[in-house]
Amino acid sequence: MASKATCSQLKAVWQAARPPFLLLTLAVMALTFAVVDQAMMSANSSYWVLVLWLALAAHVSVNLLNEYDDALSGLDEMTARTPFSGGSGALQACPEAAGLVARVAWFLVGMIAVAGLFLVVSQQGALFWFGLVGLGLVVFYTRYLTHRPFVMLIAPGLAFGPVMMLGTELLLTGRVSWTMVMLSLMVFFLVNNLLLLNQFPDAAADARVGRVSLPMWLGTAASGTVFVQFLGLSYASLAVAILLGELPLLAALGFVTLLLALPLSWRVLRDHCNLSRLRPILGWNVAVVLLTPALVATGIWMGGMQ
């Protein structure tokens, strides 16, 4: 029986880490590495694996803390779960795993802090600020930042865009380029939208535990407009980088996702207050957010081979 309990708790930890969502980190890091490889082939590649591990560990730890806090507050019990929002359901199926989920999360936070300090001391002192902001976003996101609508809106994009991408480039090349700044803005707007759209069906449950998301603060119509504006700004960031010659023309592969983004925008503006119609298009949003950086990275690598 003890072995069975242990196995179910380990499975709960795995589910609470939300492995499918980690594709976002892989897509963002693929884009970051593509730019670094294009800009400086002599970058210190011995740190690449460590940086990727830190990025994945940060994503896993924030997911685990989110699951733990949402189970503690009872939020996940009130939320209508979808494949893209409302938590994994791991701690509802296995409540006794909550303590283990929290311990694993804090262990990862500690490992990230130790590795980050090592990199600051041995490589780049300026990394301290990227690490401090990144760690703060991981630790404080669910419990504190989700109670402030504007901060809640920009925190995800800040973590995956400027913090993750610019910090990685600084470590690997010793500098921050305008190319990476523009692409980090693209990712910033895309990832903010990923969480923003997921907040529409969760608004009623979020209100019961004290969260204040943008749809609760501005209403769904205004939030839908913000969503479309962010989507436009993400593609505009990519376009500017290409037009200024910061990226090869093949990076325009990222615009292929406009085939999904345009109807997605129309549906969000039309169905912002109709949850039964909105829920099926959450997957479209995920596809845009994952495919756009992956296609841009592919275009950069292909452009570098010419």
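Reader: Is Arg-270 buried, partly exposed or exposed?

Author: Arg-270 is partly exposed, because its relative accessible area is 38%, and the partly exposed class lies between the buried limit of 20% and the exposed limit of 50%. Keep in mind that this is a predicted model.

Reader: Which residue forms a salt bridge with Arg-270?

Author: Its partner is Asp-271, with the closest N and O atoms 2.9 Å apart. Asp-271 is buried, because its relative accessible area is 1%. Salt bridges with shared partners join Arg-267, Arg-270, Asp-271 and Arg-277 into one network.

Reader: How far apart are the closest N and O atoms of Asp-271 and Arg-267?

Author: In that salt bridge, they are 3.0 Å apart. Both Asp-271 and Arg-267 are buried.

Reader: Why are Asp-271 and Arg-267 separated by about one helical turn?

Author: Count along the helix. The two are four residues apart in helix 12, residues 258-271, so about one helical turn separates them.

Reader: Where is Arg-277, and which residues does it touch?

Author: Arg-277 is in helix 13, residues 275-278. Leaving out residues up to four places away in sequence, Arg-277 touches Arg-267, Arg-270 and Asp-271. Compare sequence with space here. Arg-277 and Arg-267 are ten residues apart in sequence, and their C-alpha atoms are 8.5 Å apart. Arg-277 counts as partly exposed, because its relative accessibility is 42%.

Reader: How many salt bridges are there by this rule?

Author: The count is six. One of them pairs Asp-70 with Arg-211, with the closest N and O atoms 2.4 Å apart. This pair links distant parts of the chain, 141 residues apart. Asp-70 sits in helix 3, residues 48-73, and Arg-211 in the loop between helix 9 and helix 10. Both Asp-70 and Arg-211 are buried.

Reader: Let's step back. How many helices and how many strands does the protein chain have?

Author: It has 14 helices and zero strands.

Reader: What share of the residues counts as buried?

Author: Of the 306 residues in the protein chain, 51% count as buried. Contacts tell you about the fold too. Take those with a separation of 6 or more: 77% of them join residues 24 or more positions apart.

Reader: How should I think about a nonpolar core?

Author: Start with the general idea. In soluble globular proteins, nonpolar side chains tend to be buried together. Now the case here. The largest nonpolar core has 88 residues. Leu-31, Leu-64, Leu-183 and Ile-300 have the most contacts inside it. Helix 9, residues 178-208, gives the largest share of this core, 13 residues.

Reader: Which residues does Leu-183 touch?

Author: Skip residues up to four places away in sequence. Then Leu-183 touches Leu-31, Val-35, Met-165, Leu-238, Leu-247, Val-296 and Ile-300.

Reader: Is Thr-292 buried or exposed?

Author: Thr-292 is buried, because its relative accessible area is 1%. Its place is in helix 14, residues 282-305. A polar atom of the Thr-292 side chain lies 2.6 Å from the backbone oxygen of Val-288. Beyond four places in sequence, Thr-292 touches Met-186, Leu-190, Tyr-235, Gly-254, Thr-257 and Ala-287.

Reader: What about the surface?

Author: The accessible surface of the protein chain comes to about 13600 Å². Carbon and sulfur atoms account for 71% of it. Trp-53, Phe-107 and Met-111 make a nonpolar surface patch of about 310 Å². Met-111 lies in helix 6, residues 98-122. Met-111 is partly exposed, because its relative accessible area is 37%.

Reader: Last one. What should I know about phi?

Author: Most residues other than glycine have a negative phi. Now check Arg-18. Arg-18 is not a glycine, yet its phi is positive, about 55°. Arg-18 lies in the loop between helix 1 (2-16) and helix 2 (23-39).

Reader: Does Arg-18 count as buried or exposed?

Author: Arg-18 counts as buried, because its relative accessibility is 12%, and buried means under 20%.

Technical notes:
Residues numbered from 1 in each chain as written. Predicted model: local features only at pLDDT ≥ 70, side-chain atom pairs only at ≥ 80, totals over all residues. Heavy atoms only, no water. Core = buried A, V, L, I, M, F, W, Y, C linked by side-chain atoms within 4.5 Å. Buried < 20%, exposed > 50% of the residue type's maximum accessible area, 1.4 Å probe, protein only. Contact = heavy atoms within 4.5 Å. Areas by Shrake-Rupley, 256 points an atom, 1.4 Å probe, with all protein chains shown as cover. Patch = residues over 30% accessible without salt bridge, like charges linked within 9 Å, V, L, I, M, F, W, Y side chains within 5 Å. Salt bridge = Lys/Arg side-chain N within 4 Å of Asp/Glu carboxyl O. Polar contact = N/O pair within 3.5 Å; in protein donor to acceptor, adjacent residues only side chain to side chain.
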